[in-house]
Amino acid sequence: MTKIPALTGPLIGDRVRSFDFHGNKDLEGPRACYMEGQLTGLKRMEGCWRYRIEVTRCVGGGQEQNNFPGVIYPPVNGTA
């Protein structure tokens, strides 16, 4: 069995923002692309550990989006 990684931050229960593109952390303007939500767990998939985030808000192309997934699984920081 694979050992669950020890988290130093963010932690389960934290509200987080997950950016769509590496190196781009724009919060406004046409390049702003991210999802916000609550970190609710971890899951091993596609060869690495991933955060389980229940999404509450999505911004794409600098605009608030209404059609977005309820849950996303971005890689745990530093593992992919």
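Predicted model: local features only at pLDDT ≥ 70, side-chain atom pairs only at ≥ 80, totals over all residues.

Residues are numbered from 1 along each chain as its sequence is written, and side-chain values use heavy atoms, with hydrogens and water left out.

**Entry 1: strands**

I took helices (H or I, at least four residues) and strands (E, at least two) as DSSP runs, numbered from the N terminus. Two strands pair if DSSP finds at least two bridges between them.

In which sense do β1 and β2 pair? I found them antiparallel, over 5 bridges. V16 stands opposite G37 in β2. β2 and β3 also pair in the antiparallel sense, over 11 bridges, and here I noted Q38 opposite E54 in β3.

I then checked the link between these last two strands. β2 and β3 form a hairpin with 2 residues between them. In that turn, E46 has a positive phi of about 55°.

**Entry 2: salt bridges**

My criterion was a side-chain nitrogen of Lys or Arg within 4 Å of a carboxyl oxygen of Asp or Glu. How many salt bridges does a search of the whole structure find? I got 6.

I started with R57 and E36, whose side chains meet in a salt bridge at 3.4 Å, N to O. The pair links distant parts of the chain, with R57 in strand β3 (residues 48–60) and E36 in strand β2 (residues 34–45), 21 residues apart. R57 counts as partly exposed because its relative accessible area is 26%, whereas E36 is at 11% and so counts as buried.

R57 has another partner: E64 forms a salt bridge with R57, and the closest N and O atoms are 3.1 Å apart. E64 is partly exposed, with a relative accessible area of 47%.

R52 is partly exposed at 26% relative accessible area.

**Entry 3: the core**

In soluble globular proteins, nonpolar side chains tend to be buried together. I counted a nonpolar core as a set of buried Ala, Val, Leu, Ile, Met, Phe, Trp, Tyr and Cys residues joined through side-chain atoms within 4.5 Å.

Which residues make up the largest nonpolar core? I listed 10 residues: V16, M35, L39, W49, Y51, I53, V55, C58, I72 and V76. β2 and β3 each supply at least two residues of this core, and the largest share, 5 residues, comes from β3.

For contacts I used heavy atoms within 4.5 Å.

Is S18 buried or exposed? I found S18 in strand β1 (residues 15–19), and its relative accessible area of 13% is why I call it buried. Beyond its neighbours within four places in sequence, S18 is in contact with Y34, M35, I53, I72 and P74.

P69 lies in the loop between β4 (63–65) and β5 (71–72). At 37% relative accessibility, P69 counts as partly exposed. With its neighbours within four places in sequence set aside, P69 is in contact with M35 and V55. I also took the separation of the C-alpha atoms of P69 and L27, which is 20 Å, the two being 42 residues apart along the chain.

**Entry 4: cysteines**

How many disulfides does the structure hold? With two cysteine sulfur atoms within 2.5 Å as the test, I found 0. The cysteine sulfur closest to that of C33 is in C58, 8.1 Å away, so it is too far for a bond. C33 is buried at 12% relative accessible area, and C58 counts as buried too, at 7%.

Conventions. Buried < 20%, exposed > 50% of the residue type's maximum accessible area, 1.4 Å probe, protein only.
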